Amino acid sequence: MVFIFEKHTIKIMTKKTLILPMILAMVGIQHQANSCTGITLKSADGANIVARSVEWANGESPSDYIIIPRGYEQQSALPDGTHNGMKYSAYYGYIGLASEDYVIEGLNEAGLSVGLFYFPQFGSYPLYNAADKDVTISDTEFVAWVLGNFEMVDDVIAALATVRVASTDPRAETLHWRVADKTGHQIVIEYINGIPMVTENKLGVLTNSPEYSWHITNLDNYINLHAGGVEEHGFGNIMVSPLGHGTGLLGLPGDYTPPSRFVRAAFLQTSAPVLENAQKTVEQAFVILEALTIPTGAQFENRQQVPDIPSATQWTSVTDMTNGKLYYTTMYNPTIRRFDLNAIDFTNVSHQKYPLDTNKSRPIIDAYVE
């Protein structure tokens, strides 16, 4: 379906609406620096939970949490190097996990979750027109704008017609975004050929390039995967038997490319048991994403200098939209830390920014003390 809103066209995508040739997955989508993997879970008591990892393999990325109060005003950067773009203020307060002041993942007090994911090679924003500067927002500020102004996914879709997204650095990779609300409604927003494509994310998984609908089609190549094992059976004149548990997973891709991570995340998410409450489901989400953690060095060529960081997966977050809680762990500290948005007075709290880690070494505790 195509919806026309004044000067802007928004396409609402469904499965297999946009299919690129399979070879695109094979031709060097190997951007070693930037990777992200997102999953979605729901507890038996109805809590809707999204989770994601953030990878940056080339070195440590400054990572902070930001508290944004109601009424906080901002003005977007523009491709011309100025900060004279769209002015926007926060109707809703929110917590954001950020790098260099740009929110990568966040949750607002209305239960809306927004996250940016890298989308290189396949995305393109509208051409910047200085006449539209008052409605132009940079791609790195898109998350902040959405978190501060909307409660439901449908509100975000309608608002896309009122803004133009631009990159402030022509060398930078394009982005795409996951938006989910506390009802469980979730979409992916991707700019392709300058047009915002809105896709219903019914599966709840997201990685990087190619576009989301391609990844959904690619799952058809793994229709044979299933939880559990394969029974002993005849193979010509002999019998073959499973060598261990999990033979239904034979063929599950184990590399770190976006298509393979998407398949692996989709299987681990859909095969996970539904747990009784939000807290157990949050812990389960961290465990699933641990299976997708990228170790330092895996994305580099032999003899290439590898950064001195514990992991390419720099931090992982889990968001309980139903109960208004945002959790995170980092490469320096696997302890799960939590923000309870219900305990924050977003009318009176001040704008705050603090590092995710104050101690840049992994904690070691003696297991036995006499």
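Me: What covers the buried residues of α5?
Reply: The cover over the buried residues of α5 includes β3 (34-42), β4 (48-56), α4 (258-271), β18 (313-320) and β19 (325-330). Here helices (H or I, at least four residues) and strands (E, at least two) are DSSP runs numbered from the N terminus, and buried means under 20% relative accessible area, with exposed over 50% and partly exposed in between (1.4 Å probe, protein chains only).

Me: Before I go on, what should I know about the model and the numbering?
Reply: The model is predicted, so local features need pLDDT of at least 70 and side-chain atom pairs count only at pLDDT 80 or more, whereas totals for chains, interfaces and linings use all residues. Residues are numbered from 1 along each chain as its sequence is written, and side-chain values use heavy atoms, with hydrogens and water left out.

Me: Back to α5, which of its residues are buried?
Reply: They are A278, T281, V282, Q284, A285, F286, I288 and L289.

Me: And how far does α5 reach from its first C-alpha to its last?
Reply: Helix α5, residues 278-290, has 13 residues and reaches 19 Å, close to the 18 Å expected at 1.5 Å a residue; the expected span is 1.5 Å times one less than the number of residues.

Me: What caps the N-terminal end of α5?
Reply: N277 does, with a side-chain oxygen 3.3 Å from the backbone nitrogen of Q279.

Me: Is α4 largely enclosed or exposed?
Reply: Helix α4 is largely enclosed by the rest of the structure, because 11 of its 14 residues are buried.

Me: New topic: how many salt bridges does a search of the whole structure find?
Reply: It finds nine, a salt bridge being a side-chain nitrogen of Lys or Arg within 4 Å of a carboxyl oxygen of Asp or Glu. One of them joins E105 and R178, whose closest N and O atoms are 3.7 Å apart. Since E105 lies in strand β9 (residues 102-108) and R178 in strand β13 (residues 175-180), the pair ties together parts that are 73 residues apart in sequence.

Me: Are E105 and R178 buried or exposed?
Reply: E105 is buried, with a relative accessible area of 0%, and R178 counts as buried at 1%.

Me: What does D132 pair with?
Reply: D132 forms a salt bridge with R164, with the closest N and O atoms 3.6 Å apart. D132 lies in the loop between β10 (113-118) and β11 (136-138) and R164 in strand β12 (residues 164-166), so parts that are 32 residues apart in sequence are tied together. Both D132 and R164 are buried.

Me: And K133 with D134?
Reply: Their side chains meet in a salt bridge at 3.4 Å, N to O; K133 is partly exposed at 32% relative accessible area, while D134 counts as exposed at 54%.

Note on methods. Contact means heavy atoms within 4.5 Å. A polar contact is a pair of N or O atoms within 3.5 Å; within protein, one must be able to donate a hydrogen and the other to accept it, and residues adjacent in sequence count only if both atoms are side-chain atoms.
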